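Please read the points below with the sequence and the model open beside you. They are numbered so that you can check them one at a time.

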Amino acid sequence: MPDRTVFLRRLLPMSLLMLTSGCAFLPAGAHRQSGPDHQGFLRGVFHVHSSRSHDSRARLSQIIKTGRRAGADFIVVTDHNTRKAEARGCLCRDRADPLILRGEEVSTASGHLLMLGELPEAPKDLSPSALADWAQRLGGWSVPAHPAGRKGRWRGSFPRNVAGLEVYSFGHALHETSRLLLPARFLFLGAQGFLRSVQTRPDAGLALWDSRLKEGRAAGFASADAHAHFQWPGGVHPELLLAFRSVTHYVPVRERTPGALERALGEGRGYMAFEARGSGAGFDFSARAGESLYRAGDTLPPESGPFMLEVRVPRSARIRVMHEGLAAAEAEGTALEHQAEKPGAYRVEVDRRGGLWILSNPIYKAGGGYLE
Ligand SMILES: [Zn+2]
Ligand SMILES: [Zn+2]
């Protein structure tokens, strides 16, 4: 994580403004924590630090209360070099509380590696490749955190066995915005406008993802990388609340359990939404080949022939289907259909209100040596 003192200098004034300008009164996301929504998605926040991390002062109870205020169904806690967050799974105090998934952000010689799944604490002093292999062997998975960040960038090539990579990090986007302007932006734009102003298209992260996708499967992650840089007496922490509303994952699961969520996240199911530009609920991306329907994370077999990619968005927006780093199809409106045939990874970007709104995980087409 970027240097703590820099963050303190930046975030303290902003946090004071947050309190005076009513961040806590931002409209909440839909509360549906009792189970997946009617389309089978759970919505949650990826990459959050509790007070078990040296650079965060968020108690787990504050993470839960703040997640509940933000309408999160689940929260992925990834503390620095420890798995000692107090719980995995529902704390069972209240069914409306978000499910807590416990991971770890391990510092390696190449950068930070997030480890997810039902794993013990990661062994120290392993190389990134050995760590990724270790996680996979035990049924978990790993992804490089903020690999394209100006600070904390991943050095060298990615381990072969990672599940994907973080394409976007809100913590790093904030860090890379001029600190002189942050309080002013917050004051004049309000919390939602502030988020839109600091959330620009993550070009470097997307380029890294596209190059990885040319080699094979890679799940995309958009992280809050949420820290509480100051202690807060209340239950809902204003700094966490802003981060929890910055970007969310919509994950298709049949059951509300840590195992099902971790599996779906690692397989690159679902999509990510920057919800200061609108709720991501109702987005759909599929591929139809004959009678078969495929969704994000699925692979069409080499013999499937031409297939129809279909995108539906809940509000009118600019929709792009991306293939090998280029727009294969583009449309303005609430739907896009595109017939494709080439092997490779197909993913969707949707822009609205001046920037990236929805980012889907890819549907893959095997063939010509790709995924064969
Ligand atoms: Zn980090
Ligand atoms: Zn982190």
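This is a predicted model: local features need pLDDT of at least 70, side-chain atom pairs count only at pLDDT 80 or more; totals for chains, interfaces and linings use all residues.

1. In strand β2, the bridge partner of G44 is F74.

2. With β2 (residues 74-80), β1 pairs in the parallel sense over 4 bridges. With β8 (residues 248-252), β1 pairs in the antiparallel sense, again over 4 bridges.

3. In soluble globular proteins, nonpolar side chains tend to be buried together. The largest nonpolar core here has 99 residues, and those touching the most other members are I75, L165, A224, F244, L261 and Y271. Strand β13 (residues 307-323) supplies the largest share of this core, with 8 residues. At least three core residues come from each of domain 1 (4-277) and domain 2 (284-365).

4. Which residues does F244 touch? Leaving aside residues up to four places away in sequence, F244 touches V45, T66, G67, A70, A72, A224 and A226.

5. Helix α8 spans residues 258-266, and its buried residues are L261, E262, A264, L265 and G266. An α-helix has 3.6 residues a turn, so residues three or four places apart point the same way. After α8 comes G268, which has a positive phi near 70°.

6. Why does L174 count as buried? L174 has 23 C-beta neighbours inside 10 Å, and the cut-off for a buried residue is 20 or more. L174 is found in helix α4 (residues 170-175). Between L174 and L195 there are 21 positions in sequence, and their C-alpha atoms are 9.3 Å apart in space.

7. Last, some totals. The protein chain has 8 helices and 17 strands. Of its 372 residues, 49% count as buried. Among the contacts with a separation of 6 or more, 67% are between residues 24 or more positions apart.

How values were computed:
Residues are numbered from 1 along each chain as its sequence is written. Chains are lettered from A and ligands numbered from 1 in the order in which they are written. Helices (H or I, at least four residues) and strands (E, at least two) are DSSP runs, numbered from the N terminus. A residue is buried if 20 or more other C-beta atoms lie within 10 Å of its own, exposed if 12 or fewer, and partly exposed in between; C-beta atoms are placed from the backbone. A nonpolar core is a set of buried Ala, Val, Leu, Ile, Met, Phe, Trp, Tyr and Cys residues joined through C-beta atoms within 7 Å. Domain bounds come from an automatic or database domain assignment. Two residues are in contact if their C-beta atoms, placed from the backbone, lie within 7 Å. Two strands pair if DSSP finds at least two bridges between them.
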